[in-house]
Amino acid sequence: MCIFCKIIAGEIPSKKVYEDENVLAILDISQVTFGHTLVMPKKHADNIIQADEETVKNCISAAKKLAAQITANTGAAGCNILNNCGEAAGQTVNHLHFHIIPRYSDNDSIVIKFGESEKQDLDKVLKTVRGE
Ligand code: 5GP
Ligand code: ZN
C-alpha cells in the first residue's frame with residue numbers, strides 16, 4: 001500500500017482539511033507556505049494520466065472549492081494549484097494529488113519559473129503534440 005493509501009486508511013495520521021466519499025485533503029507535512037494542502041482521490045491512481053476521468057473530476061472539483069476556501073481563510077493573495085506527474089516532473093509520491101499552495105508574496109519559499117528552451121518550430125511542435 002502506498003503512503004497516501006495508508007493515510008486514507010487511517011494507518012498513518014494526518015491533518016484532515018476536507019473529506020468526502022471520493023476525496024481526501026490533508027495538510028502537506030512540508031508546508032511550503034502556510035496552509036499548503038494536498039488533495040487526493042481515495043481510490044489509488046499513480047498519477048493524473050493513469051487515473052480514470054471520474055477520479056480526476058472529483059479531485060479537481062474539490063481542489064477548486066478548497067483553493068477558494070484556503071485562500072480566503074489564510075488571507076493569501078493567490079495560490080498555485082500544482083500537479084507533478086512522473087518522477088521527471090518532481091512527483092515523489094506515486095498516488096495522484098494536487099498541491100494547493102497559498103501565495104503571500106514574492107518571498108514565498110517556492111519558485112516557479114518559466115524559462116525558455118531553444119527556439120522551436122511551432123508547426124513541428126504542433127504536429128508532434130497532436131500525434132500527426
Ligand atoms: P510530490 O512531490 O509527489 O508532488 O508531493 C508529495 C508531497 O507529499 C510532498 O510535498 C511531501 O511533503 C508530502 N508528503 C510526503 N509524505 C507525507 C506524509 O506522510 N504526510 C503528509 N501530510 N504529507 C506527506
Ligand atoms: Zn495510494
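Biologist: Which residues of α2 are buried?
Modeller: The buried ones are Thr-55, Val-56, Cys-59, Ala-62, Ala-63, Leu-66, Ala-67, Ile-70 and Thr-71. Keep in mind that this is a predicted model.

Biologist: What do those buried residues pack against?
Modeller: Strands. The buried residues of α2 pack against β1 (16–19), β2, β3 (37–41), β4 (78–82) and β5 (98–103).

Biologist: How many residues does α2 have, and how far does it reach?
Modeller: α2 covers residues 53–74, which is 22 residues. From first C-alpha to last it reaches 31 Å. At 1.5 Å a residue, 32 Å would be expected, so the helix comes close to that.

Biologist: What about its ends? Which residue caps the N-terminal end?
Modeller: Asp-52 does. A side-chain oxygen of Asp-52 sits 3.3 Å from the backbone nitrogen of Glu-54.

Biologist: And what follows α2?
Modeller: Gly-75. Its phi is positive, near 75°.

Biologist: Let's switch to Leu-24. Where is it?
Modeller: Leu-24 is in strand β2.

Biologist: Buried or exposed?
Modeller: Leu-24 is buried, because its relative accessibility is 2% and buried means under 20%.

Biologist: Which residues does Leu-24 touch?
Modeller: Leaving out residues up to four places away in sequence, Leu-24 touches Ile-7, Ile-8, Lys-16, Tyr-18, Glu-19, Leu-38, Val-39, Met-40 and Lys-42.

Biologist: What separates Leu-24 from Val-56?
Modeller: Their C-alpha atoms are 13 Å apart. Along the chain, Leu-24 and Val-56 are 32 residues apart.

Biologist: Now the ligand. How many residues surround ligand 1?
Modeller: 16 residues. The closest are Leu-27, Asp-28, Asn-84, Thr-92 and His-99.

Biologist: What kinds of residues make up that shell?
Modeller: Eight are nonpolar, seven are polar and one is charged.

Biologist: Which element gives the most to it?
Modeller: α1, with three residues. Both α1 (3–8) and β2 (23–27) supply at least two residues each.

Biologist: Which polar atoms lie by the ligand's nitrogen and oxygen atoms?
Modeller: A ligand 1 nitrogen is 2.9 Å from a polar backbone atom of Leu-27. An oxygen of ligand 1 is 3.0 Å from an N or O atom in the His-97 side chain. For Ser-30, an N or O atom of the side chain lies 3.4 Å from an oxygen of ligand 1.

Biologist: How much of ligand 1 does the protein cover?
Modeller: On its own, ligand 1 has 520 Å² of accessible area, and the protein covers 83% of that.

How values were computed: Residues are numbered from 1 along each chain as its sequence is written. Chains are lettered from A and ligands numbered from 1 in the order in which they are written. This is a predicted model: local features need pLDDT of at least 70, side-chain atom pairs count only at pLDDT 80 or more; totals for chains, interfaces and linings use all residues. Side-chain values use heavy atoms; hydrogens and water are left out. A residue is near a molecule or strand if one of its heavy atoms lies within 4 Å of it. A polar contact is a pair of N or O atoms within 3.5 Å; within protein, one must be able to donate a hydrogen and the other to accept it, and residues adjacent in sequence count only if both atoms are side-chain atoms. Accessible areas come from the Shrake-Rupley method with a 1.4 Å probe; for residues, only the protein chains shown count as cover. Helices (H or I, at least four residues) and strands (E, at least two) are DSSP runs, numbered from the N terminus. Ala, Val, Leu, Ile, Met, Phe, Trp, Tyr, Cys and Pro count as nonpolar, Asp, Glu, Lys and Arg as charged, and the others, Gly among them, as polar. Buried means under 20% relative accessible area, exposed over 50%, partly exposed in between (1.4 Å probe, protein chains only). Contact means heavy atoms within 4.5 Å.
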